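Colleague: Hi! Could you walk me through this one?
Modeller: Happy to, here it comes.

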Amino acid sequence: MNFKYFLIWIVIFFETGLIRAEELSVFFTNTSVKKVEKAMKESFQGVDVTVFGRFRDFKESLKSNPAFVIADDIFSTLTPDYDRVASFKIGASSKINLILLSLDEGWKKKDISKGKIGALESGDRKEIQKFLEDKFSKTFDSVKTVSKPEDLFPLMVFKSVDFIAIEPHVYEELKSRFSAAVFEIAKSKEISLPSLYVKKGADAAKAIQAFKAMKTEDATTLGFSGVE
Amino acid sequence: MKKNIVMIIFIMCLCSNAFAKDLIAIITKKGKDFEDLTKQITTSDLIDKFEFKEIQVTNATTYEEFQKAVKEANPKLMILMDNKSVSLAKEFYEKEKSKIQSVAIMGLNYKTMLANEKNICGIAYEVPSYTLLTQFKFASEGKKLSNVLSFYRGSVFSEFIKESKERLALEKITLNAVDVEKEGAGDVAGFLSSKGMEMAKDANKYDAVYVILDSGLLTPELFGNFWLKSSQESKVPYLVGAESLTSPKMNFAVFGMGPNLQDLASQTVQMVQSILEDGKKCEKIKVEDLIGVNQYWNKKKASSLELKKNPKAEVNELE
């Protein structure tokens, strides 16, 4: 009898989320949701993994306080509640510089404050603008965001923006889709590649272990050479 | 005593809507796409600062009905869905001399329709030729795409063709656009069924046929007698900015695209934010090109044309 009631309470706790499998919310913008889902679910077994394709949905997921998050560098500026514990890497480094590309070679770094910048939707509009202005040490007239890397080139071609901010390895991928000649106007300060963040107070060990055990081939499909 | 006065003033403010959010009116029609897009917009970041009111219109809605509904709503901005909403709004601006800014979406030919409008800007609903052709090139592994044929009416699409040629030249794609009104000397149907047919089947000269969504050239007669016939007799792939024309049953286009509604909602929200939060004016914004699209791959047609899909291409495969 007691055991039956004990089981009922366990079910209630699980259903209400008072006991829950650890949650991993994933949102980074450089590659497709399908590829990310495959890589994460293989590495993080036993963890409740949700991969988001849109920032607004990811932001909503943070209200449930997931123990782990994998996200772009801008995430570190959005909340003080998480610590970065590991990152993807390219070559030997987990740091890169964003590049500012334009179809118009007339743009000079000293003038970019007059321009409109295109970027991937890694945060709210104002958060992205603030992040980019900090990393490029310049203000911008305005920011336009898109959800997929392949939508950045059309933004420039249609003159919706004057230049785009993009990670070099993402630009290399886009070269297989677009051959329009572009000019590098500026380089940003260093940013981190997408990283694993752990909520303060949560047990990081298991998550770090799973992240670092990610197969190289899975990291490669996401555009990285490994994790560190 | 002071506390009571402050309390009274606070309650009066609450009652007088001093803290009420500004209103965005969405002029919309019945239909799944309209409803989906409205939902995306009304649950976006705009919800933090604005309220929404939907005003439904039909093709039978009169100007007086529209005017009454807008005046009652007293919006800060209008989102106009479909050409009917835009027509009603244009009349509203002419008669009321209103300065409310409006964003037009989900309608056709906005670049022409809104060219002289000071208070209406928007997003074109047509898939840009640049997007269609560059993404077809990526999706069809190893396919050369240097010379693309297209037929158009010079009286309507000259500016569009000029812009398309400039954009495609960036990708080293030459758009060979044939003005059927000029070449046909008044007999468009005759030209297409003779010379047009010959050109469309010339796989040595052309790598693809780009089908412009022009109701004047895609009449039922021309579609049956020229477009469908030529696409089925030709080894040249047909590309079109519409999902329905990519259906395997129709056996027409091998690759198509259509607007992605989530991306369109995001593009709309950003335009609204630039007006209401950044103070930009529609007169400067004008009409933007559509950015986010869905891609469709007609498997059966691709197989008959010996086209191989790039495994990296994220397309909807239609069987």
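**Helix packing and cavities**

Modeller: Helix α3 (residues 63-73) of chain B packs against helix α4 (residues 83-96) of chain B at an angle of about 75°, with their axes 10 Å apart. Helices here are DSSP runs of H or I with at least four residues, strands are runs of E with at least two, and both are numbered from the N terminus. Axes are lines fitted to C-alpha atoms, for helices over the stretch in contact, and angles run from 0 to 180 degrees between N-to-C directions. That makes α3(B) roughly perpendicular to α4(B); angles of 65 to 115 degrees count as roughly perpendicular, under 35 as roughly parallel, over 145 as roughly antiparallel, and the rest as oblique.

Colleague: Which residues make the contact?
Modeller: From α3(B) they are B:Tyr63, B:Phe66, B:Gln67, B:Val70 and B:Lys71, and from α4(B) B:Leu88, B:Ala89, B:Glu91, B:Phe92, B:Lys95 and B:Glu96. Contact means heavy atoms within 4.5 Å.

Colleague: Before I go on, what am I looking at?
Modeller: This is a predicted model, where local features need pLDDT of at least 70 and side-chain atom pairs count only at pLDDT 80 or more, while totals for chains, interfaces and linings use all residues. Residues are numbered from 1 along each chain as its sequence is written, chains are lettered from A and ligands numbered from 1 in the order in which they are written, and side-chain values use heavy atoms, leaving out hydrogens and water.

Colleague: Thanks! At what angle do α9(B) and α10(B) pack?
Modeller: Helix α9 (residues 188-200) of chain B and helix α10 (residues 220-233) of chain B pack at about 10°, with axes 10 Å apart. They are therefore roughly parallel to each other. Among the residues that meet are B:Leu192 and B:Met197 in α9(B), and B:Leu222 and B:Phe226 in α10(B).

Colleague: And how do α2(B) and α11(B) pack?
Modeller: Helix α2 (residues 32-42) of chain B and helix α11 (residues 261-276) of chain B pack at about 50°, with their axes 9 Å apart. That makes α2(B) oblique to α11(B). Residues in this contact include B:Leu37 and B:Ile41 of α2(B), which meet residues such as B:Leu264 and B:Val269 of α11(B).

Colleague: What lines the largest one?
Modeller: It has 17 lining residues, and the closest to its centre are A:Thr29, A:Leu98, A:Leu120, A:Ser122 and A:Glu167. α5(A) gives the most to that lining, with 3 residues.

Note on methods. 1 Å grid on protein atoms, 1.4 Å probe; cavity = no way out; pocket = protein on both sides within 12 Å on 5 of 7 lines; lining within 4 Å.
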